[in-house]
Amino acid sequence: MIKTCNHLTKHYGKPNGWSLDAYEREGGYKAARRVLTEMTREQVTDEAKKANIRGRGGAGFPMGVKWSFMPKQAPAGKPMYLAVNADESEPGTHKDRTIMEENPHSVVEGCIIACYGIGANKAWIYVRDELHLARERLWAAIKEAKQKGYLGANPFGKAYPIDIVVHTGGGTYICGEETAMLNSLEGKRGEPRLKPPFPAQAGAFGMPTTVNNLETIAIVPTAFEMGCDKFSQQSALHDLKDGGCRLYGVNGHVKKPQVIELAVGVTMRELIYDIGGGVTGDREILGVIPGGSSTPVLLPTETIHAPDEKSPLHRFHGVNVLDVPLGVDTMRIAGTMLGTCCVTVMAVGTCPVLAMENLMQFYRHESCGQCTPCREGSAWLKRVVTKILDGESSMEELNELHDIANSIMGNTICAFGEGTAMPAMAFLKKYRKDFEKYVRGEKTRKDARLTVT
Amino acid sequence: MPFALSADRERELTEILSRYPTKMAATLPALHLMQEQEGWVSEEMMIWLAHKLDVSPAHVRGVVTFYPLFNQEPVGKHQVWVCRTLPCALRGAGDVIKHCEKKLGVHVGHTTKDGKITLRTAECLASCGTAPMMQVDKEYHENLTTERIDQILEKLQRD
């Protein structure tokens, strides 16, 4: 069901919509003021849990629960930190940039509430280097908030110092992995760390740290202003603890690609046809990638398999994947992941083999190289798909592709390995016949296209 | 002449250092600052930074070689990055790249003979909703058409 919201997007496209004046005119900073002056830290984390905000970075972990992992007391004389992940780099994901550019004060206010809730006095916002305008707007917002006394030694008159620093990456996708991001923040190569210890135990600079996605933080003021329970109830999946509203994206072969703020529970069909204006050239759908290139592709003919009557997801049993509300758990049971819920649409006419080659080139380029299965596997996958497209491969090699992908799974320090292998296996399984045509020479690279009209 | 930061940038580096609990944490922002001045990061600059931050030159070298946005050799005056990844490719990034190559007379990864423009492809620039797109220096250009690309590139060529 489409329920449009404009909590974050109300400032989008307006002249100076990113300024403090515009933000406060619409009720901005009321939530942070109330939280800091009227609530205790425990009350903040308890309230935050009720919002049922599932992490917007892709993994979907409940934000409030994550906040509660932080130590009650900082280790003697040591700081605790909030680290905000704005390294948005996954192909198909284009939502965080819009918040930073058009509504940066929501991020600043979210940082204030989150810092107070987790017991931190400093927030780091890690922004990928390419987003120059986004960083400029964030710094400007921080400066404005400092001048107003909303940040600094006594925010809103409360003796609870809060500072925010924007940090710059260096053009690597892997720094979106939370521990790689922390290494990069410390001035090191962005190589993921082994867990445990988890960031809440030893994160940035070895101190307890909560890592949240930027959209997760940006929506926090809205949740506290509305009341977290009421915020959660906007969602059609409130009972599954997947609450509130979020930014949905639609891109690829649709007539009107865009980012839009909707209550959780819109379906992919609604997103593609009602929001996105339908498929380019009124074609049929070949496949949809639900939320970033690491989430396995879905065919438009797939249905949900949830035969267990006791499962709360049973109500979606047998429903077409395009018609279930887009949520963390519904996409998991569809055999994929919600990810960042920016849907990439591929129309009939797209060559799935070429699409896979495009994605595998991305993963080969972005593997940090620490773990052999990922470093070698991602390059191997790319090499074989290229050979298939060039008509230089064999059925044996095509069969091997699945094994290569499978050997990456579970054998790496971080989830990048799975993020490479899962979409690869989905493409191979779901478009097997197309791959075979190239192997048999019935099609050549000249026939392969990614654009349609 | 030995490498030195301009007075303004030197002040900025001091400010950057004050933000972090360790000097090492300033490695990336400092490298950006240095590259902004010189266009690339030389061996000499890496050693300079290592002394400045009390870290080993190997550490700085490790960082520079890890992050693709640090240029390890001189590049053109302007940087053109065309996003080539799937969502852009579905909307014609392949043709954008070909058009840029033809217009500039260089292949991806190379700099025009006059040293003005370096053409490269980028991995997803978080602009999938406004594809195809390219980044020119610090600016994004979205929803590209052939005419728009020509305007943008011609302006750079004139500069």
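I call a residue buried if 20 or more other C-beta atoms, placed from the backbone, lie within 10 Å of its own, exposed if 12 or fewer, and partly exposed in between. I am working with a predicted model, where local features need pLDDT of at least 70, side-chain atom pairs count only at pLDDT 80 or more, and totals for chains, interfaces and linings use all residues. Residues are numbered from 1 along each chain as its sequence is written, and chains are lettered from A, ligands numbered from 1, in the order in which they are written.

**Entry 1, chain B.** I looked up burial to begin with: 42% of the 159 residues in chain B are buried. I then noted 7 helices and 5 strands in chain B; these are DSSP runs numbered from the N terminus, with helices being H or I of at least four residues and strands E of at least two. Read from the N terminus, chain B goes α-α-α-α-β-α-α-β-β-β-β-α. Its C-alpha trace spans about 50 × 35 × 25 Å along the principal axes. Of the contacts in chain B with a separation of 6 or more, 56% join residues 24 or more positions apart (contact: C-beta atoms, placed from the backbone, within 7 Å).

**Entry 2, where B meets A.** I found 35 residues of chain B in contact with 45 residues of chain A. On the chain B side, helices H2 (27-38), H4 (57-66) and H5 (86-90) each supply at least two residues. That side of chain B divides into 21 nonpolar, 10 polar and 4 charged residues. Here Ala, Val, Leu, Ile, Met, Phe, Trp, Tyr, Cys and Pro count as nonpolar, Asp, Glu, Lys and Arg as charged, and the others, Gly among them, as polar.

I checked H6 (residues 104-118) against H9 (residues 214-226), both of chain A: they pack at about 80°, axes 7 Å apart. That makes H6(A) roughly perpendicular to H9(A) (the class covers 65 to 115 degrees). Axes are lines fitted to C-alpha atoms, for helices over the stretch in contact, and angles run from 0 to 180 degrees between N-to-C directions. Among the residues that meet are Val107(A) and Ile113(A) from H6(A), and Leu214(A) and Phe224(A) from H9(A). The contact holds 10 nonpolar, 2 polar and 1 charged residues.

**Entry 4, a sheet in chain A.** I traced an open, mixed sheet of 4 strands in the order E6-E5-E8-E7 (chain A). Strands E6 (258-263) and E7 (285-289) of chain A are at the edges with a single partner strand each, so one side of each has no neighbour in the sheet. The twist averages 25° from one strand to the next. E5 (residues 245-252) of chain A pairs with E6(A) in the antiparallel sense over 6 bridges (pairing needs at least two DSSP bridges). Val250(A) stands opposite Gln258(A) in E6(A).

Terms used: Parallel < 35°, antiparallel > 145°, perpendicular 65-115°, else oblique.
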